Amino acid sequence: MRPGMAGRGGEAVLADGQALSGAMLRQLFLGQCLVLALHLAWMPAWLAALAALVAGYRHLQLRRRLPRAGVVLRLAGVGALTGGLWLHYGTLGQMEAMIGLLLGVYLLKLLETHDRRDGRVVVAIGFVATTVAFLHDQGIPMAAGGLLVLAWLVHSLVWLSGGDARRAWRESAWLLLLSAPLMVLLFAVFPRLGPLWNLPQADRASTGLTDEIAPGDIAQLSRSDARAFRARFEGAEPTPAERYWRVYTLSDFDGERWRRTTPERLAATLGRPLEEFVAEGRRSPWLDGAPRFEVELLLEPDSRPWRPSLGAPLATEEPLRFLADGTLEGTSPLASRSLLRMSSTGQAPANPDPAGPAWHAMLPAEGNPRTRELAERLWRESGAEPRAFLAAIMARFGEAPFRYTLSPPRLTSADRVDEFLFESRAGYCTHYASAMAVMARSVGLPARVVAGFLGGERHPDGHFTIRDYDAHAWIEVWLDGAWQRLDPTAAIAPERIEEGPQAVDDGREAFLADAPFSPLRMREVGWVNRLRLDWERLEYRWQRGVIGYQREARNALMARVTARLHALWDRLVALAPGRGWLGGLLGLLMAAAAAAGLAALLRLAWRRQREAHDEALRIARLQAWLGRRGLGVRPGESPSAHLRRVAEAAGDAGPALRDCAHHLERLRYAPLGRSERRERRRQLARREREVRRRLRRLPRRRRGGAQAGGVAS
């Protein structure tokens, strides 16, 4: 057996520079498990079975019960992986399928990992897979998990370079510790770059709203606690009754469902230019005046371009699509959480819709006859006065037997508005909004349904969280030259407006039915609710301050740092008497000290670079260092002979000195390849540092105070 091949418990890891032991393979497999854990919430669970299968095969192969995986087996594994992903996702073109393919290849790579080079490839793929995990989520748990995986992979890489596991942990800790300041500096100073490519995204919709609704649709959202977005106001905050977050309007009614009509479809249907219905920019061309609310939104990922606004939007900090109906769209879907700052009116838009009154008064030629008859009767009774007519509808909804419920009965007839108004008389916000809009259109009043959110939970630190169960629908009616917001829910269930859907008694069992383990179910338990609020505050600050750290935040930080440095300089100058010339002298001294420090750092870096490529220079500096401690060179003594002689009297530094001599001779006289020469130089540098560390306590000798070759006593 060659020297260094033996080790405790069997073959030493990488003892011959090539073979991997069972311990190293376990290290790589555990790293794969940690990487896979970051993805499992979004990836198929059968990938974990694939990891176990590969690990089991390698275990049996090491025990010589199975042969090495051949090309056929590996290709079959890749084919099965590709087929499984295709069956699971129906395509390989979306982001999750691509990530699944990367993870599968990462796991299968262990089948053909037999030497150090293969191990490094596995670790390198692990770094890529860890980075890709942040495409799923960028929250605090993902960041903590990513740091753990990073530490494990760095340890694996250091261990692969040689040495034992315990020493590899120490070196890994130093590497991570030394890189932390650079990481913080790059984060704070280096500008964020946009994506260099675009991956096909999965359909992820944070709001839960769709572009068409029927009575009962939004009621389903009361079952979910999924977060739609968060908001922080600068200045005045809206009252609970003013928190109407517009997302889109619906103006096309077919007798059963209300549908959103896009600006492109409107322009094509009406034969008008698209510019009359939508404009891209930072300010709405349809509205003017001073904003009532200034708000910063932290939006969840969404495959659709909608952007919520409190009332009609006026201006934003980034170019968006302002629609003539008073809603807002992004220029592209949101692939990750994003900050949006905007100003708004807080009210329904005052501008007329270019589609015209006739468009917003259209109804199917037939259908819901009893609703039309009721509307015409109320219109006559109100003297054909629009406001009195609408007030009569609201008063009718506020009377028994109408009731507001989170579990409305299903409507099955062709005339669903009739069935609701005259038979079930129990419903959610969409039932009442749909019925009121149909009645308004029945007498020629332009009306449309607005879908969005109402309310939001206010946190102690001042930000609001709006969730799926806050989804709401109301109507807008064109009156007196402006759109007027009307919410029939305020008549039937005013507690819904003030306190949210959880305050509705009828059908309370439906609230959060799809989130049985939601901490919101325990909001009445004081300490649990405090923990929930503390965690949400921490997570919000993380998303806003770390993930949302963009160009504006960086510029503001740099401005603050520069201002403080100027203030510190002014304070130092003020402390100096005769400020003028003494301040200038102080500045020159500081500049000279900075230049000297930079020169020293450059000199040290240049020396390290030379030593890394010149083993003779490294040994010469080591000999000089030993000479200053009484272990100098004797006349005519070669460097190797000097180091071996000194090793006899150097105590526990002796083995390292002998290794230095051995590596020096191999580097100077043996025909080594490039990779082996590079590895020898690494080993020489490591052992040279060990010598200095073990002999550092020896006292330095004064010049002429010791004989060359003497040993310090």
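Serine 344 sits in strand β14, which covers residues 338–344. The model is a predicted one. Serine 344 has a relative accessibility of 1%, so the residue counts as buried. The cut-off for buried is under 20% relative accessible area. Which residues is serine 344 in contact with, leaving aside neighbours within four places in sequence? They are Pro291, Arg292, Phe293, Leu310, Ala312, Pro313 and Leu314.

Five of the seven residues of β14 are buried, so the strand is largely enclosed by the rest of the structure.

**Partners of β14**

β14 pairs with strand β9, residues 293–299. Seven bridges join β9 and β14, and the two run antiparallel. Strand β12 spans residues 313–323 and also runs antiparallel to β14. Here three bridges make the link. Valine 295 stands opposite methionine 342. Threonine 316 stands opposite methionine 342 too. In general, strands of a sheet pair through backbone hydrogen bonds, either parallel or antiparallel.

**The five-stranded sheet**

Another part of the model holds an open sheet of five strands. Their order is β11-β5-β17-β20-β21, with antiparallel pairing. Which strands lie at the edge? They are β11 (309–310) and β21 (482–486), and each pairs on one side only.

Inside this order, β5 (residues 244–250) is joined to β17 (residues 447–454) by six bridges. These two strands run antiparallel. Leucine 250 has valine 449 in β17 as its bridge partner.

Two helices pack against these strands. Helix α12, residues 429–442, packs on the sheet and touches β17, β20 and β21. Its direction makes about 15° with that of β20. Helix α10, residues 386–397, lies across β20 (471–479) and β21. α10 runs at about 155° to β20.

**Helix α18 and its neighbours**

Helix α18 (residues 615–627) packs with helix α20 (residues 654–669). It also packs with helix α19 (residues 639–647). The table sets out the geometry.

| Helix pair | Angle | Axis separation |
|---|---|---|
| α18 and α20 | about 150° | 10 Å |
| α18 and α19 | about 40° | 11 Å |

Why is α18 called oblique to α19? The angle is about 40°. Angles under 35 degrees count as roughly parallel, and 65 to 115 as roughly perpendicular. The α18 and α19 pair therefore counts as oblique. This crossing is left-handed. On the α18 side, Ile619, Leu622, Gln623 and Leu626 take part; they meet Pro639, His642 and Leu643 in α19. By class, that contact has five nonpolar, two polar and no charged residues.

With α20, the angle is about 150°. The cut-off for roughly antiparallel is over 145 degrees. α18 and α20 are therefore roughly antiparallel to each other. α18 passes α20 in a left-handed crossing. Glu615, Ala616, Ile619 and Leu626 in α18 meet Leu657, Leu664, Leu667 and Arg668 in α20. By class, this contact has six nonpolar, no polar and two charged residues.

Technical notes:
Residues numbered from 1 in each chain as written. Predicted model: local features only at pLDDT ≥ 70, side-chain atom pairs only at ≥ 80, totals over all residues. Heavy atoms only, no water. Axes fitted to C-alpha atoms, helices over the stretch in contact; angles between N-to-C directions. Helix = DSSP H or I, 4+ residues; strand = E, 2+ residues; numbered from the N terminus. Left-handed = near helix turned anticlockwise from the far one by under 90°. Contact = heavy atoms within 4.5 Å. Nonpolar A, V, L, I, M, F, W, Y, C, P; charged D, E, K, R; others polar. Buried < 20%, exposed > 50% of the residue type's maximum accessible area, 1.4 Å probe, protein only. Pairing = 2+ DSSP bridges.
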